[in-house]
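Have the viewer open and follow along.

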Amino acid sequence: MAVASWCALSLGTPYVPPHRLFGGDEITQVVVCELRVPRLVLALLAGACLGAAGLVLQEALRNPLAVPEMLGVSSGAALGVAAPLVLAVAVPAAVQPLLAIGGAALGGGLTLLAAGLGRSPSAVLLTGAAVAAALQAALLVLMVMADQLDLQLIYRYLLGSLSARTWEDVTGLWPWLLIALPALVLCAPVLAVLRLGDDDAEALGVRARRARFAALAVAVVLIAPVTAVCGPVAWVGFLAPQLARRLNPRSDAVGWLPWSAAWGAVVVALADVPARLALAPVEIPVGAWTALLGVPAGVALLRRAR
């Protein structure tokens, strides 16, 4: 995280040496404090939210492949934000997280309802893949309806981008984090019980279906505001929990949760460095790099674990 932070603040045009990060001339201070620092903070917050949400979903469904992209949550959030843009509906920036939460709740709720109210974790995962495909098809229809300018905006948004983000985008996440953090604290011990299986969880007094709905609600509150600001940054919710488990295999959901959030922050912050610099001055959406690096790394981790 320290290396990623240094790269995010120093590298680029102009290059800012470490000793001048917070003590240079006025132009340097504008570049660092108004452009690079909010982008870094947003990358860390977005990665932490996605990493924590990925662990919540995987533990609730007892499946390491249960990621937001496979359950219709990310696709639903993206659809909720992209639809008003294509339909030329003026939406204030403060309302976009609510639209994303509505879309994410729609995608996740459809998945659980179609899978029999979350009766079987494997059924939820398979149904979620179908719901995600349907929502992505709806996004493609919107892209066909959009004009050229809107199409470019939607395309970059759907890949996940941190370009041109400011302190206003960062401050828009704090109210949702204040809601999600206590919910995570309450949810983590229940996740450890759900990992035992539905029958054992019921014997210990945990209603598995309700707990699964609650876990999905927590994941929606974590994912949707980030998706509203950055777009669906792919595969962070898959890779971060795998790293947390691999590096601390004897722990449980309570111990993995902060590490999953930390690794999610590291993944997004590191991926944003080549996103900015690889083809400078053209920026590559950060979601393209998280998918490009996250999928093979996650497959390698799963093979070693097996």
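The second largest cavity has a volume of about 50 Å³. A cavity here is a set of points on a 1 Å grid over the protein atoms alone where a 1.4 Å probe fits but cannot get out, and lining residues have an atom within 4 Å of a point. Grid points are joined across faces, edges and corners, and the volume is the space filled by probe spheres set on the points. This is a predicted model, in which local features need pLDDT of at least 70 and side-chain atom pairs count only at pLDDT 80 or more, while totals for chains, interfaces and linings use all residues. Residues are numbered from 1 along each chain as its sequence is written, and side-chain values use heavy atoms, with hydrogens and water left out.

Around that second largest cavity you will find C49, L173, W176, L177, A180, V221, L222, P225 and V226. By class, they divide into nine nonpolar, no polar and no charged residues. The classes are simple: Ala, Val, Leu, Ile, Met, Phe, Trp, Tyr, Cys and Pro count as nonpolar, Asp, Glu, Lys and Arg as charged, and the others, Gly among them, as polar. Helices α8 (174-194) and α10 (208-230) each supply at least two residues of this lining, and α10 gives the most, with four. Helices (H or I, at least four residues) are DSSP runs numbered from the N terminus.

C49 is buried, with a relative accessible area of 6%; buried means under 20%, exposed over 50% and partly exposed in between, using a 1.4 Å probe and protein chains only. C230 also counts as buried, at 0% relative accessibility. How many disulfides are there, if a disulfide is a pair of cysteine sulfur atoms within 2.5 Å? The count comes to zero. C49 is in no disulfide, and its nearest cysteine sulfur, that of C230, is 9.4 Å away.

A search of the whole structure finds two cavities of 30 Å³ or more. The largest cavity holds about 80 Å³ of space. Its lining includes L57, L61, G108, T111, R212 and L216, and α2 (26-61), α4 (96-114) and α10 each supply at least two residues. By class, this lining has eight nonpolar, two polar and one charged residues.

Open space comes next. A pocket is an open set of grid points with protein on both sides within 12 Å along at least five of seven lines, and the largest pocket contains about 720 Å³ of space. It is lined by 27 residues, and the closest to its centre are V81, Q96, R165, A228 and V229. Helices α3 (73-86), α4, α6, α7 (167-171) and α10 each give the lining at least two residues. The lining has 17 nonpolar, six polar and four charged residues.

At 1.5 Å a residue, its 12 residues (148-159) should span 16 Å, and the end C-alpha atoms are 17 Å apart, which agrees; the expected span is 1.5 Å times one less than the number of residues. Which residues of α6 are buried? They are D150, I154 and Y157. Seen down the axis of α6, these buried residues fall within an arc of 65°, so they line one face of the helix. The arc is that of the directions from the helix axis to the C-beta atoms. An α-helix has 3.6 residues a turn, so residues three or four places apart point the same way. On the other side of α6, Q148 and L149 are exposed. G160 follows α6, with a positive phi near 85°.

| Residue | Phi | Relative accessibility |
|---|---|---|
| R62 | near 55° | 35%, partly exposed |
| W235 | about 70° | 26%, partly exposed |

R62 lies in the loop between α2 and α3, whereas W235 is in the loop between α10 and α11 (236-247).

Finally, check the prolines. The peptide bond from T13 to P14 is cis, with omega near 5°, and P14 sits in the loop between α1 (2-10) and α2. The bond from A280 to P281 is cis too, with omega near 10°; P281 is found in the loop between α12 (253-277) and α13 (286-305).

Methods. Disulfide = S-S within 2.5 Å.
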